[in-house]
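Reader: I would like to learn how to read the features of a protein model one at a time, with the general idea set out before the particular case. Could we begin with the aromatic rings?

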Amino acid sequence: EINQALASTPIKKIELVGVNNPKADIKVHFAPIKQFPALAKKYQFTYQPNNWGYFWTWWNPKHEIHSAVVLLASDLLKGKNLRHFTLEEITQSLGLSNDAPEFADSIFYSRGNDGGSAQALSALDRKLIHFYYNHVRPGDKGPQVRAAWKQHWPR
């Protein structure tokens, strides 16, 4: 799902590597939620309790993301919920980190306690990923993003 959206970007794709591969840029942990604080400590980030899915990213001085950790509660997430949380957290770990209260079919949807249930990237999600990775540079601020939006957002 994610690789289809990334195909038209400089990233191209996410490649799965072996378990515990130290060269992995994104480390995904399916673990009981009670292990999340210890995993966060291992990787030196702060976990916000009660999140069934969680991610943390690191970036270099040029504002380029170089690694991420994704935590998914294996004891609480099953079936469609597991698919949704996995897709959401991995997608957001690539740089589009925020949720939005519009577009209930979006992987980025969240309104109050409703974290959405999208099972696939929406057409709008795909456009956003294409726009973001092709026209927004690491470190761009509001004015640069708005200028890129005006020039490149598909109408």
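Author: Rings of Phe, Tyr and Trp (for Trp, its six-membered ring) pair if their centres lie within 6.5 Å, and planes under 30 degrees apart count as stacked, over 60 as edge-to-face and the rest as tilted. With that rule, Phe36, Phe45, Tyr47, Tyr54, Trp56 and Trp58 form one aromatic cluster, and a search of the whole structure finds 9 aromatic pairs. Before going further, note that this is a predicted model, in which local features need pLDDT of at least 70 and side-chain atom pairs count only at pLDDT 80 or more, while totals for chains, interfaces and linings use all residues. Residues are numbered from 1 along each chain as its sequence is written, and side-chain values use heavy atoms, with hydrogens and water left out.

Reader: How are the rings of Phe36 and Tyr47 arranged, and where in the chain do Phe36 and Tyr47 lie?

Author: A pair of aromatic rings is described by the distance of the centres and the angle of the planes. The rings of Phe36 and Tyr47 have centres 5.3 Å apart and planes at 85°, so this pair is edge-to-face. Helices (H or I, at least four residues) and strands (E, at least two) are DSSP runs, numbered from the N terminus; Phe36 is in helix α2, whereas Tyr47 is in the loop between α2 and β2, 11 residues apart, and the pair thus links distant parts of the chain. The rings of Phe45 and Trp58 are also edge-to-face, because their centres are 6.0 Å apart and their planes stand at 70°. Phe45 lies in the loop between α2 and β2 and Trp58 in strand β2, so this pair ties together parts that are 13 residues apart in sequence.

Reader: Which residues of the largest nonpolar core touch the most other members?

Author: In soluble globular proteins, nonpolar side chains tend to be buried together. A nonpolar core is a set of buried Ala, Val, Leu, Ile, Met, Phe, Trp, Tyr and Cys residues joined through side-chain atoms within 4.5 Å. The largest one here has 29 residues, of which Phe45, Leu71 and Ile129 touch the most other members. Elements that each supply at least two residues of this core include α1 (2-6), α3 (79-93) and α4 (123-135), but β3 gives the most, with 5 residues. Contact means heavy atoms within 4.5 Å, and, not counting residues up to four places away in sequence, Leu71 touches His29, Phe36, Phe45 and Tyr47, among others.

Reader: In what order do the 3 strands form the open sheet?

Author: Strands of a sheet pair through backbone hydrogen bonds, either parallel or antiparallel. Two strands pair if DSSP finds at least two bridges between them. Here 3 strands form an open sheet in the order β1-β3-β2, with mixed pairing. β1 (26-31) and β2 stand at the edges, each with a single partner strand, so one side of each is left without a neighbour in the sheet. β2 and β3 run antiparallel and are joined by 7 bridges, and Tyr54 stands opposite Leu71 in β3.

Conventions:
Buried < 20%, exposed > 50% of the residue type's maximum accessible area, 1.4 Å probe, protein only.
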